[in-house]
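Dear colleague,

I am passing on the structure we spoke of, and would be glad if you could look through it alongside the notes below.

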Amino acid sequence: MTRFWYALFLLFISLPAHALEFNKYHSQDEIKSWLLDLAKQHPELVKFKFLGYSQQGREINYIIISKHHEQENQPALYFNGTHHGNEKSSTESILGLIDFIIDNRSEPVVSEILDQYAIYLQPIVNPDGHALHSRMDSVGRDPNRDYSFPERDEQDSFKIQDVRLVKSLVDQVKFRAAGAFHSGLEAILWPWCFTPQRNAENDTFYTLSKMTAEAMGISRYTQSYSDYPTRGEFIDYVFMTHGTLALTFEVSPEPTPAAPRLAHYVQRSVKGALAFMRGVMALDRGNLRIQAAPDSKLLSKVDFDFKAWKKTE
Ligand SMILES: [Zn+2]
């Protein structure tokens, strides 16, 4: 091998395989091969996991990023995207978060989180909807209305395979905190979705949501019900069942913004997720100053384009 070709070879093998550009949307095949590459390149840090198949037989995968894979019962955080298949900036934002965590794993801002938590990241909850570019699953059901919640038991919920798979994961791991990424709005929302009553951790949710929204530069953060009453959402289920501090991240005003705007929204989501994780870490270390939440009706008066929201949610 000539020196030139050898130098080129060295350059090639030293290039990070995980470099991902957010100037386009990624296909499910591209996402899977990228996640597999990450697990191969960082075996000590990243584990690739197959969760199951969707109704139409598409694979549902996630990764675990952890410095302590051998430790059972390490507290864990969970982020997922695309409950609604047409909300594609939510998937890309999960990919951005993965990219950011791995690139900055040695920086204190990230390594401190990884010292304390395993992070589970699932870019796509609803792969059939993602492939069909539909909010719904392949037979027209809404995955983020299919969870049980205090007014509906499990027998009348979990009709959708993708949602049952999420349930199996969250019931097994019992996450400390979680972020469900959506798009079509800019907001940070917390439980409950189904009732205007405050949950027992309302001030904690308010404080974490405010930190998250401020990191993203968005003004809207409120109890989810104040935005729009819904029944059967992921955040209500995991909070009700496991006490998981779960937020909905509405990451971009359009469900699938034009590609040139995508990198902006991805970067902003990463900032928000980082602030949220650091907030949870501070809480668990007893260092978070919890603020009293104002009346959510007042919060919901923040300027807001109701018509645009109603169409997309
Ligand atoms: Zn959504």
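Predicted model: local features only at pLDDT ≥ 70, side-chain atom pairs only at ≥ 80, totals over all residues.

I begin with helix α3, which covers residues 88-103 and, with its 16 residues, reaches 23 Å from its first C-alpha to its last, close to the 22 Å expected at 1.5 Å a residue. Since 14 of those 16 residues are buried, α3 is largely enclosed by the rest of the structure.

One of the partners of α3 is α10, and here the two axes come within 8 Å and cross at roughly 60°, which makes α3 oblique to α10. The crossing of this pair is right-handed. On the α3 side the contact is formed by Ser89, Glu92, Ser93, Gly96, Leu97 and Phe100, which meet residues of α10 including Leu262, Tyr265, Val266 and Ala273; by class, the contact of α3 with α10 has seven nonpolar, five polar and one charged residues.

Helix α10 (residues 259-284) also packs with helix α7 (residues 202-216), at an angle of about 145° and with the axes 7 Å apart, and the crossing of α7 and α10 is likewise right-handed. From α7, the residues Thr204, Leu208, Met211, Thr212, Ala215 and Met216 take part, and among those they meet in α10 are Arg268, Lys271, Phe276, Val280 and Leu283. The residues of this contact of α7 with α10 comprise nine nonpolar, four polar and two charged.

With best regards

Methods: Residues numbered from 1 in each chain as written. Helix = DSSP H or I, 4+ residues; strand = E, 2+ residues; numbered from the N terminus. Expected span 1.5 Å × (residues − 1). Buried ≥ 20, exposed ≤ 12 C-beta atoms within 10 Å, placed from the backbone. Axes fitted to C-alpha atoms, helices over the stretch in contact; angles between N-to-C directions. Left-handed = near helix turned anticlockwise from the far one by under 90°. Contact = placed C-beta atoms within 7 Å. Nonpolar A, V, L, I, M, F, W, Y, C, P; charged D, E, K, R; others polar. Parallel < 35°, antiparallel > 145°, perpendicular 65-115°, else oblique.
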